[in-house]
Amino acid sequence: MQLVSDKILKTQASSSWIRRMFEAGIEMKKQYGADNVYDFSLGSPDLRPPATVIETLRSMADAVDVPAGLGYMPNAGYPAAREALAKWASHEQGVPIPAGNIVITVGAAGGLNCLFKATLEPGDEVVCPAPYFVEYGSYCGNFGGLLKAVPSAPGTFKLNLDGIEAAITDRTRILLINSPNNPAGVVYTRGELDALAEILRRKNQSRTRPIILVSDEPYRFLAFDGKVVPSILPCYEYSVVCSSFSKNLGLAGERVGYLAVNPAMGDDEAAQLTAGLILTNRTIGYVNAPCIGQKLIIGAVERMDETLAAQSAQLAVYEERRRVMASILDEAGIEYQMPAGTFYFFPKAPHGMDDVAFVRKLAAERILAVPGSGFGYAGYFRIAVCVGKDIIERSRGGFVAAAK
């Protein structure tokens, strides 16, 4: 007997590649030993959290040993945590952001779901460049929305601005970007963002509801070769930043993220949108982000210079891993663009091979990767270099053999 809806069954079939590869990795490691399986499937940071996080956690027991020390809080988060996040986001974005424009969410995923719940009517569209994070379609569909993907330029993955403009209709409510991009590793330039903003302003002239530009950016800290990730907030007034501390602070399991509403949209409109986000944070069932995680963020921001130094150290580790993986792909003759950010590569399946078929060939060499089809971009595959440099190096022979 069928116990779940047809919609859920369809979603399971279309978006479960990463989970399947993750589970396959567990079984392969049991069979061959963890050191003999090269698991590049899941974007799960393997580095230790910064000392600012660890020391805050160690000191927390006394701090919460008070009545309701771990009790309920306002749905938008602890006031002190919102203040800390406003300071953090203002530093990252280069734009002063009031604490009242910050809503703390259950990771970036929770933040996007709150935003879609607050803004989408059934049948509304979310336009998004492809490749895109595999769950975006499900997040939109949770609230009757439709993800409308626009393929980016092959090889470079630059924004297809003409394609995006053509895709916008009267039902378009949100334009969602992810920079640095998972899985392509591309960082959109200031010129691309300014051009995108001009498209949206032109489209808004005949609309009563402006299109909201949303930037999903948990990889903002991870940009290589001195590249700066431009902020969308100075580019376009109706914009929202969504981020998390899963990657930069090693808190993927603690699920702490946030939404920052652009103050440039005006006090009344910003307050209206923020109030809607606080409501949906509660009514979807999250209620609030984990309280321990919020306290960890306060500690990390109070010692921001140390936390930023720890981020820089992480960047150096991933940069070296990027160098090693690039040398392996070069040796295997696999075509790729060097990622400008994130800890992902998104190479092209060799010899024009189907991406799913090539991922299976990699699996035969005990290498786990994810087909680009899951990210809305067939013919490519994703590699997450969230493993030690030695494991990456030992995968070299397998990549060469699979490519042949």
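Q: How many helices and strands are in the protein chain?
A: This is a predicted model. The chain has 14 helices and 12 strands.

Q: And how compact is the chain for 404 residues?
A: As compact as a globular protein of that length, because its radius of gyration is 21 Å, close to the 22 Å from the globule rule.

Q: What does the C-alpha trace span along its principal axes?
A: About 60 × 55 × 55 Å.

Q: What share of the residues count as buried?
A: 55% of the 404. The chain exposes about 16,800 Å². Carbon and sulfur atoms supply 54% of that area.

Q: What about contacts between residues at least 6 apart in sequence: how many join residues at least 24 apart?
A: 75% of them.

Q: Switching to charges. How many positive and negative side chains are there?
A: There are 40 positive and 42 negative ones. The centres of the two sets lie 4 Å apart.

Q: Now helix H4. Where is it, and what does it reach from first C-alpha to last?
A: H4 covers residues 79-93, which makes 15 residues. It reaches 21 Å, close to the 21 Å expected at 1.5 Å a residue.

Q: Which of its residues are buried?
A: Ala81, Arg82, Ala84, Leu85, Ala86, Trp88, Ala89, Ser90, Glu92 and Gln93.

Q: What do those buried residues pack against?
A: Strands S2 (102-105), S7 (239-244) and S8 (257-261). Also helices H9 (267-283), H10 (291-302) and H11 (304-332).

Q: Which residue follows H4, and is its phi positive or negative?
A: Gly94 comes next, and its phi is positive, near 70°.

Definitions and conventions:
Residues are numbered from 1 along each chain as its sequence is written. This is a predicted model: local features need pLDDT of at least 70, side-chain atom pairs count only at pLDDT 80 or more; totals for chains, interfaces and linings use all residues. Side-chain values use heavy atoms; hydrogens and water are left out. Helices (H or I, at least four residues) and strands (E, at least two) are DSSP runs, numbered from the N terminus. The radius of gyration is taken over C-alpha atoms; the globule rule is 2.2 Å times the number of residues to the power 0.38. Buried means under 20% relative accessible area, exposed over 50%, partly exposed in between (1.4 Å probe, protein chains only). Contact means heavy atoms within 4.5 Å. Accessible areas come from the Shrake-Rupley method with a 1.4 Å probe; for residues, only the protein chains shown count as cover. Lys and Arg count as positive and Asp and Glu as negative; His and the chain ends are not counted. The place of a charge is taken as NZ of Lys, CZ of Arg, CG of Asp or CD of Glu. The expected span of a helix is 1.5 Å times one less than its number of residues.
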